[in-house]
Amino acid sequence: MVLILYPTAFIVIYPRFGPVDTMTAFCQDESIGQYSRAYALLSSRAQHAVSLAAFSRASDNVNLATCAVDGGIPFIFGGTQSSLSVTYLAGDAGGGITGSMSFVRENGQWRVDAMTPDLFHLTS
């Protein structure tokens with residue numbers, strides 16, 4: 001008996017509204033001055049650590065222009081936490097700042113839980 005195995009391909013559909021989508025929405029809201037919308041994307045723990053007023057002041061100071069994922073996009077199968085290596089670019093900075101963003105899944109949505117460097121004082 002001869003058994004021939006063929007390699008099979010499979011497609012992984014990355015969950016919509018995953019950590020990359022949350023990061024993109026957060027950074028876009030920051031770049032256009034929609035600080036309350038960016039704040040709404042924070043986890044409950046992060047919102048407890050910093051008020052909307054303090055977050056908005058920090059946002060004004062940071063002047064975030066964009067964020068980009070460094071490296072690959074994680075595959076998450078039923079997990080509730082994730083992190084991404086990120087480059088932040090401030091509107092008046094000459095170069096990017098390398099850091100990371102951590103996410104948690106709350107009520108079916110991915111939320112920003114922490115950032116390094118802590119540009120918005122989320123861990124105070």
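Modeller: The protein exposes about 7600 Å², of which carbon and sulfur atoms supply 56%; accessible areas come from the Shrake-Rupley method with a 1.4 Å probe, and for residues only the protein chains shown count as cover. This is a predicted model, in which local features need pLDDT of at least 70 and side-chain atom pairs count only at pLDDT 80 or more, while totals for chains, interfaces and linings use all residues. Residues are numbered from 1 along each chain as its sequence is written, and side-chain values use heavy atoms, with hydrogens and water left out.

The secondary structure comes to 4 helices and 4 strands, where helices (H or I, at least four residues) and strands (E, at least two) are DSSP runs numbered from the N terminus. Along the sequence the pattern is α-α-α-α-β-β-β-β. Of the 124 residues, 34% are buried, meaning under 20% relative accessible area with a 1.4 Å probe and protein chains only; exposed means over 50%, and partly exposed lies in between.

The protein has 1 disulfide, defined as a pair of cysteine sulfur atoms within 2.5 Å. Cys 27 and Cys 67 form this bond, with their sulfur atoms 1.9 Å apart. Because the torsion about their S-S bond is about -85°, the disulfide is left-handed. Cys 27 lies in helix H1 (residues 19-31) and Cys 67 in strand E1 (residues 64-70), so the pair ties together parts that are 40 residues apart in sequence. Cys 27 counts as buried at 4% relative accessibility, and Cys 67 counts as buried at 11%.

Helix H1 also holds Asp 29, which counts as buried at 7% relative accessibility. The Asp 29 side chain makes a polar contact with the side chain of Arg 37 at 2.8 Å; such a contact is a pair of N or O atoms within 3.5 Å, and within protein one must be able to donate a hydrogen and the other to accept it, with residues adjacent in sequence counting only if both atoms are side-chain atoms.

The largest nonpolar core has 27 residues, and Phe 26 is among those that touch the most other members. Such a core is a set of buried Ala, Val, Leu, Ile, Met, Phe, Trp, Tyr and Cys residues joined through side-chain atoms within 4.5 Å. H1 gives the most to this core, with 4 residues. Beyond four places in sequence, Phe 26 touches residues including Phe 55, Met 101, Met 115 and Phe 120, contact meaning heavy atoms within 4.5 Å.
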